[in-house]
Amino acid sequence: MNPQMNPEMNPDQSANTGSATGQESTMHPLRVVVVGNGMVGHKLVEQLAARPAMHITVLCEEPRPAYDRVHLSEFFAGKSAQDLSLVEPGFFERHPQLQLRLGARAAQIDRAARQVTLADGATVGYDKLVLATGSYPFVPPLPGRERPGCFVYRTIEDLEAIAAAGRQAKVGVVVGGGLLGLEAAKALKDLGLATHVVEFAPRLMAVQLDDGGGRILRRKIELLGVTVHTGRNTTAIVDGADARHRMQFADGGALETDLIVFSAGIRPRDELARACGLAVGERGGIVIDEACATSDPDIYAVGECALYSGRIYGLVAPGYRMAEVAAARIAAALEPPAAELPRFTGADMSTKLKLMGVDVASLGDAHGATPGALAYSFVDERQQVYKKLVVSECGRYLLGGVLVGAAEDYGSLLQTLLNRMELPPRPETLILPPLDGDARPALGVAALPAAAQICSCNNVSKAGICAAVDGGCTTLGAIKKATKAATSCGGCGPLVTQILKHELAARGVAVSNHLCEHFPHSRQELYHLVRVGNLRSFDELLARHGKGRGCDVCKPAAASILASCWNEHVLKPRHAKLQDTNDYYLANIQKDGTYSVIPRVPGGEITPEKLIAIGEVARKYRLYTKITGGQRIDLLGAQVQHLPLIWKELIEAGFESGHAYGKAVRTVKSCVGSTWCRYGVQDSVGLAIELENRYRGIRSPHKLKFGVSGCTRECAEAQGKDVGVIATEKGWNLYVCGNGGVKPRHADLLAADLDKATLLRYVDRFLMFYIRTADRLQRTSVWLENLEGGLDYLRQVVCDDKLGIAAGLEAEMKLLVDTYECEWKKAIGDPAILRRFRTFVNSDAADAELSFVEERGQLRPATAEERALERQMPEQAAA
């Protein structure tokens with residue numbers, strides 16, 4: 001971030017003398033001040049960041065920059081404030097015209113002087129001002145609301161305070177049963193409290209759901225262990241007899257609790273606007289027009305503080321649209337727009353989310369308030385599913401809907417609603433389960449108009465996705481990168497995938513998933529052919545399902561599949577010819593033709609005796625030694641004829657192969673955990689050793705790395721691993737699909753607070769599902785990005801056994817675990833394998849061309865210049 005302003009861009013110096021509505025002078029940078037750095041405010045800053053002719057000052061009253069409030073409850077599932085951050089690393093450094101001021105609360109706006117006064121008395125001048133002040137939590141005006149132990153649920157500081165209080169509490173109550181209230185209830189449940197929800201309305205989510213939907217939602221949430229009280233009006237909070245507080249209700253009832261969280265709705269933060277004379281709504285909110293301008297044309301308002309056409313839009317997507325509109329209007333003050341400026345004309349408030357693991361969606365006129373509206377509803381109380389469609393009087397158009405318990409049809413129904421597409425002759429078939437094997441009628445993405453908004457979070461239309469396809473995108477991951485569709489909430493992912501597939505087919509693009517010219521199958525298909533056909537060799541696979549002799553692509557891929565299925569030694573005669581150089585010699589070849597040897601050190605724990613043994617081997621064979629990033633010791637510079645001798649000595653010292661040469665499970669990095677660390681809450685070393693010994697050497701489509709941290713301080717960097725485990729006071733949080741490298745990716749939380757047995761089951765299932773379905777050489781991170789349904793689908797498969805394959809996945813993993821054997825030990829015991837460890841086919845001589853020089857007390861490969869100099873020295877001596 002830029003702590004200091006560019007002196008040439010003093011925001012208190014007038015930048016122009018032009019009129020507010022005309023084009024601004026470019027003599028000085030346009031001074032833009034953004035009050036608020038929430039999700040919408042940051043989106044606006046991102047839109048303006050590429051314009052060097054502006055100086056943008058961002059006033060953020062919180063101690064940290066923008067973070068993801070939509071996923072705020074994940075803070076209690078192990079995510080840190082940094083994990084939730086929306087600001088890319090180095091964002092403010094890359095844009096010197098931006099200045100972010102943290103802890104800077106705007107206190108007053110002087111419209112005549114065009115300046116903002118901060119709470120500390122400092123002033124900032126502006127030419128254009130944007131109010132992105134958001135909202136504040138509404139706390140009912142009841143006696144006792146300010147007692148210690150009463151909280152609101154809005155910022156990370158609020159959550160930290162709730163977490164601290166939760167450690168001393170047994171019972172927690174959330175006042176409010178709307179969207180935010182149920183998120184807060186999940187947070188209290190994650191803290192291990194007996195959780196209650198108190199709602200004034202007769203049902204949960206009264207704004208979004210009807211009675212039927214509210215009833216099913218209540219049942220599902222109560223099954224999760226949360227007690228729901230609807231139709232309760234809290235009149236006072238007083239001292240409790242057995243707990244800290246006693247909530248008194250208007251009907252004479254009461255409820256005792258240790259902790260209370262108010263989440264009874266929000267109110268727009270419009271106090272700055274009111275004080276400076278801007279127009280505000282009767283019930284709050286800064287009045288804006290289609291340009292997102294307030295009653296002062298040089299001041300804009302966006303997000304939850306803005307009131308358009310008498311309505312506050314409390315969702316992220318409409319706020320993002322406002323940010324785009326306001327940014328375009330501000331930019332137009334500097335240069336004529338190339339096209340018609342965008343307008344904000346309202347937004348659809350349909351929403352789909354997962355509340356405490358329950359899918360809930362509400363579309364359009366969910367309550368059927370439109371005159372003449374008709375409704376279809378389906379209830380399955382055994383499966384706890386409720387679906388409702390509201391259609392026009394003629395039955396041809398969708399007006400609204402409610403989905404609880406199963407919301408997979410949300411995307412297609414929303415597009416049908418927004419684009420006024422005609423319904424099938426029997427609309428009820430869209431929500432009824434198929435009978436007798438008949439497929440439900442599909443609305444089809446082909447009928448969607450080009451202007452249909454597919455991703456509301458990032459304003460991506462169908463036309464934008466089609467343009468990305470025309471530009472060469474053929475995978476979901478490529479579409480995400482090109483358009484940002486499905487990269488925020490992810491809810492539009494399935495629909496984006498449908499459009500992608502349709503557009504590729506419509507263009508006649510044959511997206512071949514064939515492994516190579518010898519196999520007309522994908523890696524996933526070959527895996528199943530091997531598994532189902534009980535095929536044990538490449539020759540069998542080629543004879544049944546391929547052609548030709550194979551190549552450098554299909555041979556290693558088939559070898560990996562065979563190893564993943566049957567776990568036979570990779571150098572068994574029928575497999576040896578398939579391996580690439582590293583697997584062929586069970587070591588990593590280096591630039592000079594020597595090899596590196598990395599013995600396994602489970603969890604990074606090693607005894608002094610084993611350290612000495614490694615040192616003696618390294619000294620004997622003159623090897624360069626280095627600690628790896630995975631907490632192992634790398635021995636480099638081994639000549640091929642020495643490999644079996646080195647392995648033999650290491651095995652005698654208690655080591656085994658570390659599989660650093662294979663596309664396999666490699667390391668499980670750990671911190672010292674509760675054994676030594678004063679912050680540790682679980683034995684991370686013990687678990688890391690157990691994980692590494694369980695999954696060692698398992699072959700997979702790409703390398704796999706694990707990490708186990710003993711607390712949320714995350715010293716083992718588990719959230720950057722394919723499988724990451726972080727200790728909590730109640731168990732373990734499981735993260736998946738992270739990686740470092742060229743394109744780092746933060747792992748995603750798959751499940752929280754697991755006991756060890758459940759953790760191992762989930763890891764078994766995750767690994768085998770990845771091994772079954774990933775493409776050749778596809779990291780878990782890329783696999784997840786291209787997995788239809790994304791993280792939610794993966795969670796359903798692994799945790800909920802949606803596909804009914806969990807037992808099979810666990811059985812396949814058990815086979816691999818039970819049949820493990822050290823590949824080095826197997827190799828040195830087989831004379832036929834040992835014969836390959838020689839530099840020359842027709843000689844036992846060593847490679848005389850190898851040359852080393854000493855550096856920092858160790859040997860390293862000589863450079864080309866050093867080798868040339870070495871050759872010249874004998875010649876000069878002879879002369």
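## A lysine and its partner

Lys 730 forms a salt bridge (a side-chain nitrogen of Lys or Arg within 4 Å of a carboxyl oxygen of Asp or Glu) with Asp 753. The closest N and O atoms of this pair are 3.5 Å apart. Asp 753 lies in strand 37 (residues 748-754) and Lys 730 in the loop between strand 35 (723-728) and strand 36 (731-736), 23 residues apart. Strands are DSSP runs of E with at least two residues, and helices are runs of H or I with at least four, numbered from the N terminus.

## Basis of the model

This is a predicted model, in which local features need pLDDT of at least 70 and side-chain atom pairs count only at pLDDT 80 or more, while totals for chains, interfaces and linings use all residues. Residues are numbered from 1 along each chain as its sequence is written, and side-chain values use heavy atoms, leaving out hydrogens and water.

## Another pair

Asp 764 forms a salt bridge with Arg 694, with 2.7 Å between the closest N and O atoms. Asp 764 is in helix 21 (residues 756-773) and Arg 694 in helix 20 (residues 684-695), so the pair ties together parts 70 residues apart in sequence. Asp 764 counts as buried at 5% relative accessibility, whereas Arg 694 is partly exposed at 26%.

## The whole protein

The protein has 27 helices and 39 strands. Of its 879 residues, 52% count as buried. The salt bridges number 55.

Technical notes:
Buried means under 20% relative accessible area, exposed over 50%, partly exposed in between (1.4 Å probe, protein chains only).
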